[in-house]
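Subject: Structure handover

Hello,

Here is the structure I promised to pass on. Please open it and keep it beside this email as you read.

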Protein chains: 2
Amino acid sequence: MVSGSRTGEFQDTMIKRTKGVTISQVADAAGVARSSVSRAFTRPDMLSPETVERIMKAAEALGYVPNHTARALSTGRHGNIGLIVPDIANPFFPPLIQAAQLEADRSDFCIFLGNTEENPKQEDKLVGRFAGQVEGLVLASSRLTDERIRAHAAQLPLVLINRDIEGIPRVLIDSGSGVRQAVEHLAKLGHRRIVYVSGPSNSWSNKQRRTAIRAAASKFNMEIEIVPAVLASYNSGRNAVGAILASGATAAIAFDDLTAQGVLAGLSEQHVSVPVSFSLIGCDDVLGAVTYPGLTSVSNRSNEAGKLAVSLLLEMLDNRSIRDVRYVLETHLVIRGTTTSALD
Amino acid sequence: MVSGSRTGEFQDTMIKRTKGVTISQVADAAGVARSSVSRAFTRPDMLSPETVERIMKAAEALGYVPNHTARALSTGRHGNIGLIVPDIANPFFPPLIQAAQLEADRSDFCIFLGNTEENPKQEDKLVGRFAGQVEGLVLASSRLTDERIRAHAAQLPLVLINRDIEGIPRVLIDSGSGVRQAVEHLAKLGHRRIVYVSGPSNSWSNKQRRTAIRAAASKFNMEIEIVPAVLASYNSGRNAVGAILASGATAAIAFDDLTAQGVLAGLSEQHVSVPVSFSLIGCDDVLGAVTYPGLTSVSNRSNEAGKLAVSLLLEMLDNRSIRDVRYVLETHLVIRGTTTSALD
DNA sequence: ACTTGACATGCAACCGGTTGCATGAAAGTC
DNA sequence: GACTTTCATGCAACCGGTTGCATGTCAAGT
């Protein structure tokens, strides 16, 4: 499996690890009490300017850096937050993670990242592992039950992304709005029978999309069939193609772009050309115009969601209070090349 | 900018934050000394089985969870490692991050994730921020100078990915091997003049690829021109198209797939069809067969690199020693649809 | 029966900071 | 000049664990 070569000398050397300068050393060097050094760093206004300068000079000379862990222990604030996502490799998340990290960084917070592999057990485990060392947590597209989430929320400040639980601050990307536009778009193109290739059953977004599609389809008098794709992935999309074609539909909306892409691949294997004989719409718009033809999709606002969730969390930590907040980010349809008029 | 709506009641509630059960409370409940409770959790073999059981029962009843921070302070081990990457949103990294996280998790380690936005200053800042609370660090595709990296390595255990500095453990993805195959492939197709669309100038991978291409081109008697693309991105690839066409080349190899994709888009805007009148090869193979035509590319092994780097780091932490290790992961050319015979 | 050793447990110092309170000196008030 | 106020600083307790060493107990060895 691992076929890499391995070269280099194997001279083991003991780690030299500079065993940090402590506050006491600085205090001695500056001829003050430890508490003064502490204050010089945390509330310099309490000390005379000259003392602060003397301490800072000594600290600098010694290369003193306050020990984060010790500080966290006595203050109870570690300046870290956790971010847990189901699948880092799913292109929906990297922009979210990036924006979250950036926002945290602006407040000098560090981010723990956890990947649950879509597995609630793993998610629970990670929450527990993080709980002790973060001030708060952002759960993106959590696969946990409402009960578990509530239980965790009782332990530490929590913000949810794409999960709607009353009483817990949450940021929701309303793909419903975009999905409704998608159905309307298909209706106008003359499609009468469509399928929804669904995603993970414990995904809130999936429920939301399915509901929106059902409602919109009935509004436009279209028939709708649900074809399950176990995971949000290329392969499950591809595997769903049989069922899709069997349904007799002329168009499909997939849970996300990855699934849609799998469907696209599966269709072309069956020599069904898109969009000529079948129309396809994705969700989350993570592929941009990369595919050919460019995939018609529903916009995502995952980066905004990530940023918003973190700033919400930091605000909560500042106020030491939680608010029952519910932010909704609306989406819209992005029309590209995979949709066109129905044949018949 | 933020156009989301906002609803919900704003009943601020104070955070109830269960203020943890301490070791002393458990000790009292079990009628033992704090040290015994500590040992029950860390070295149960030192205690009589009955005592351990009694303590555990008391702990369970109270819902005691050892305080991570306190433990870290007294032992000096926090069970965290940091991972710093230049750009989370670059599809090269998510698999790397995911694999790293998974590997860390196997040893009950948590991962701090940092994003430098390709900015050395930001990278330095993050290393500093992390330094106090991690046992070791993985730097992926670092944009720092050798000096800075060496300086950091003196402070804490460090493993590099795609950066070759003697004395510091490193995992290298040898895109050279794949790139050589790419050049050979183009040579066999009859291309005599090619361009390399380069990436970030402080990127080790970029240097490596450029060097490999130069060497291989001269071996096959091909002319080679370097066209710079400031960042590794879609847009810089697109912007490079003018220079590419001006060079009179019939084929190009791009620093990475994103850049290649930008080039692809730019070419099609200029009505240059690929592969009919121009051949194009990417690097890192992050797009799979997504584009149409599928992009010929050089395989990446980023997930293996992430996993390897973390396991190397954990091993170092266990042994408390560093080894001058240099792992090399070889790559190969993946031929798809963007390359064909030269016209002339 | 007396020594010796093994073993289980407690004591107290320590990790490196923060913070409420006490102290003493300088400045302000009448 | 005596009295209060203000302000800078130090003392010592505390955050919640870990760990070297001392102590006491009990069984084995002779």
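Predicted model: local features only at pLDDT ≥ 70, side-chain atom pairs only at ≥ 80, totals over all residues.

**DNA strand C**

Start with DNA strand C. It is surrounded by 30 residues. The closest are A:I23, A:S38, A:R71, B:S36 and B:T51. By class, this surface has 12 nonpolar, 13 polar and 5 charged residues.

Which parts of DNA strand C come within 4 Å of the protein? Of those atoms, 58% belong to sugar or phosphate, and the rest belong to bases.

- A:R71 has a side-chain N or O atom 2.6 Å from a phosphate oxygen of DNA strand C.
- B:S36 has a side-chain N or O atom 2.6 Å from a phosphate oxygen of DNA strand C.
- A:Y64 has a side-chain N or O atom 3.0 Å from a sugar or linking oxygen of DNA strand C.

The elements that give two or more residues to this surface are α2 (34–42) and α4 (68–75) of chain A, together with α2 (34–42) and α4 (68–75) of chain B.

**DNA strand D**

Now turn to DNA strand D. Sugar and phosphate make up 56% of the atoms of DNA strand D that come within 4 Å of the protein.

Chain A supplies these contacts:

- The side chain of A:T51 puts an N or O atom 2.2 Å from a phosphate oxygen of DNA strand D.
- The side chain of A:S36 puts an N or O atom 2.6 Å from a phosphate oxygen of DNA strand D.
- A:S35 reaches a base: a polar side-chain atom lies 3.2 Å from a base nitrogen of DNA strand D.

At least two residues of the surface near DNA strand D come from each of α2 and α4 of chain A and α2 and α4 of chain B. The residues of this surface divide into 12 nonpolar, 13 polar and 5 charged.

**Helix α3 of chain B**

Next, find helix α3 of chain B, residues 49–62. It has 14 residues. At 1.5 Å a residue they should span 20 Å, and the end C-alpha atoms are 20 Å apart, which agrees.

Which residues of α3(B) are buried? They are B:T51, B:V52, B:I55, B:A58 and B:A59. Seen down the helix axis, they fall within an arc of 130°, so they line one face of α3(B). An α-helix has 3.6 residues a turn, so residues three or four places apart point the same way. The cover over the buried residues of α3(B) includes α1 (23–30) and α2 of chain B.

On the other side of α3(B), the exposed residues are B:P49, B:E50, B:K57, B:E60 and B:A61. After the helix comes B:G63, with a positive phi near 75°.

**Backbone details**

Most residues other than glycine have a negative phi, and most peptide bonds are trans. Some places to check against that:

- The peptide bond from A:V274 to A:P275 is cis, with omega near 5°. A:P275 is in the loop between α12 (257–269) and β11 (279–281) of chain A.
- The bond from B:V274 to B:P275 is cis as well, with omega near 5°. B:P275 is in the loop between α12 (257–269) and β11 (279–281) of chain B.
- A:D284 has a positive phi, near 100°. A:D284 is buried, at 8% relative accessible area.
- B:E117 has a positive phi, near 55°. B:E117 is partly exposed, at 43% relative accessibility.

Best wishes

How values were computed. Residues numbered from 1 in each chain as written. Chains lettered and ligands numbered in written order. Heavy atoms only, no water. Near = heavy atom within 4 Å. Polar contact = N/O pair within 3.5 Å; in protein donor to acceptor, adjacent residues only side chain to side chain. Helix = DSSP H or I, 4+ residues; strand = E, 2+ residues; numbered from the N terminus. Nonpolar A, V, L, I, M, F, W, Y, C, P; charged D, E, K, R; others polar. Expected span 1.5 Å × (residues − 1). Buried < 20%, exposed > 50% of the residue type's maximum accessible area, 1.4 Å probe, protein only. Arc of directions from axis to C-beta. Contact = heavy atoms within 4.5 Å.
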